[in-house]
Amino acid sequence: MAKSTAPALTALRVRYVQMVKERQRLETELLSPQPMRAGSLSSLLMQCGKENCICKDKRHPKKHGPYDYWRKLVDGKQKLVYLKDSDSEIKGQLKNYQSFQRLLAAYRKAVKAMDAVFVAVRQGSMINDEK
């Protein structure tokens, strides 16, 4: 093995081992999900139907709210479902879904980075084998 590439390969291998540990941590979290519902939690300010309400003031409208809504897709269309204060369980499930989606994105990113390091180590090993 050439001396100039040996430290670089060792560093890549060490990095790869760290990445495997991170991937395993993410897998463990992904394989023990909390109760969740697909969609997102949105807080909206609303305008009412009263004619002379402050929410319809032309210069300084003061809308009502914020009100919590569950944003979800139904038959390819976005639907908003009003959530009462007593719907804390649904709100928690929506937050769990968002956390799960972030974990899944981190997992995909970790696997992609691992692939890149693996290819670099493989190419470095192949170059050294030829010498």
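Student: How many aromatic pairs does the rule give?

Tutor: In this predicted model, local features need pLDDT of at least 70 and side-chain atom pairs count only at pLDDT 80 or more, while totals for chains, interfaces and linings use all residues. Residues are numbered from 1 along each chain as its sequence is written, and side-chain values use heavy atoms, without hydrogens and water. Rings of Phe, Tyr and Trp (its six-membered ring) pair if their centres lie within 6.5 Å, with planes under 30 degrees apart called stacked, over 60 edge-to-face and the rest tilted. By this rule, the number of aromatic pairs is three.

Student: Which class of geometry does the pair of Tyr-67 and Tyr-82 have?

Tutor: The ring centres of Tyr-67 and Tyr-82 are 6.2 Å apart, and 65° lies between the planes, so the class is edge-to-face.

Student: Is Tyr-69 buried or exposed?

Tutor: Buried means under 20% relative accessible area, exposed over 50%, and partly exposed in between (1.4 Å probe, protein chains only). Tyr-69 has 13% relative accessibility, so Tyr-69 is buried.

Student: What distance separates the end C-alpha atoms of helix H1?

Tutor: The expected span of a helix is 1.5 Å times one less than its number of residues. For the 25 residues of H1 (residues 6-30) this gives 36 Å, and the distance in the model agrees, at 36 Å.

How values were computed: Helices (H or I, at least four residues) and strands (E, at least two) are DSSP runs, numbered from the N terminus.
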